[in-house]
Amino acid sequence: MTTLGAVGAVTTPQLVDVVDTISGVRAYSSGGTRTLSSCHVERWGLRIEHPTPEDPFSDSEVTWLMPEPGLRLTTYRARSRHSRSGPSILSAVRVEHDHRHWHTTDLLLGLAVPGGATPRIVRTEEFAAAVAGRVLLPGDADQALRTVHRALEELSNVNHNLTSWLTWHGIYDSWPPL
């Protein structure tokens, strides 16, 4: 990503998270880590959850990594059971994994999928800045655009129903998770 200031452009590397499924730790490109409260390899990808103590509104983050469509699905569990949950976020990612480590490169473009409403494309400014700053290479940018537009079209085909979309992809687990 590129930011402009009085000194000039500053370029940061791509955002890559690494999940160690044995130790149950998620490491961020920023250097931070999270101990996972849940980490399960599924036939369709990886399911993780971790607490979010710094967030006054959410208790935890639930993330599913889906290598086949190149997407990360995220939601936040509200602290109060009476709170409305925000939209689920489908983010374009490149996922590489072996028996222990799942590397996820964020392609900086995604969809906010509110329950029962039309999804909207999100993070376009970050995406544009990363492309302009050559942090996101042309191949990655093309992949992000294709992935997000394909997901948007598929969601449109199932009336923007995320559960139906997941089923269409062979994922029969409930979303958002209980």
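Buried means under 20% relative accessible area, exposed means over 50%, and partly exposed lies in between (1.4 Å probe, protein chains only). Keep those words in mind for the views below. This is a predicted model, in which local features need pLDDT of at least 70 and side-chain atom pairs count only at pLDDT 80 or more, while totals for chains, interfaces and linings use all residues. Residues are numbered from 1 along each chain as its sequence is written, and side-chain values use heavy atoms, with hydrogens and water left out.

**View 1**
Helices (H or I, at least four residues) and strands (E, at least two) are DSSP runs, numbered from the N terminus. Along the principal axes, the C-alpha atoms fill a box of roughly 50 × 40 × 35 Å. A compact globule of 178 residues would have a radius of gyration near 16 Å, and the chain agrees, with 16 Å. That radius is taken over C-alpha atoms, and the globule rule is 2.2 Å times the number of residues to the power 0.38. Of the 178 residues, 39% count as buried.

**View 1. Helix 2, residues 138-157.**
Which residues of helix 2 are buried? They are Asp140, Ala141, Ala144, Thr147, Val148, Ala151, Glu154 and Leu155. An α-helix has 3.6 residues a turn, so residues three or four places apart point the same way. The buried residues of helix 2 pack against several partners, including strand 10 (88-97), helix 1 (124-132) and helix 3 (162-168); contact here means heavy atoms within 4.5 Å. The 20 residues of helix 2 should span 28 Å at 1.5 Å a residue, and the end C-alpha atoms agree at 29 Å apart. The expected span is 1.5 Å times one less than the number of residues.

**View 2. Strands 9, 10 and 11 side by side.**
Strands 9 and 10 run antiparallel and are joined by four bridges; two strands pair if DSSP finds at least two bridges between them. Look for threonine 74, whose bridge partner in strand 10 is isoleucine 89. Strand 10 also pairs with strand 11 in the antiparallel sense, over nine bridges. There, serine 91 has glycine 110 of strand 11 as its bridge partner. A hairpin of three residues links strand 10 to strand 11.

**View 3. The largest nonpolar core, with 27 residues.**
A nonpolar core is a set of buried Ala, Val, Leu, Ile, Met, Phe, Trp, Tyr and Cys residues joined through side-chain atoms within 4.5 Å. Trp64, Met66, Leu73, Leu90, Leu162, Trp165 and Leu166 touch the most other members. At least two residues of this core come from each of strand 8 (58-66), strand 9, strand 10, strand 11, helix 1, helix 2 and helix 3. Another core of eight residues lies apart from it, with Leu36, Leu46, Ile48 and Leu65 among them.

Most residues other than glycine have a negative phi, and most peptide bonds are trans. Arginine 134, which is not a glycine, has a positive phi of about 60°. Arginine 134 sits in the loop between helix 1 and helix 2 and is exposed, with a relative accessible area of 71%. Histidine 160 has a positive phi too, near 65°, and is found in the loop between helix 2 and helix 3. Is histidine 160 buried or partly exposed? At 21% relative accessibility, histidine 160 counts as partly exposed. Finally, a cis peptide bond joins tryptophan 175 and proline 176, with omega about -5°; proline 176 is in the segment after helix 3.
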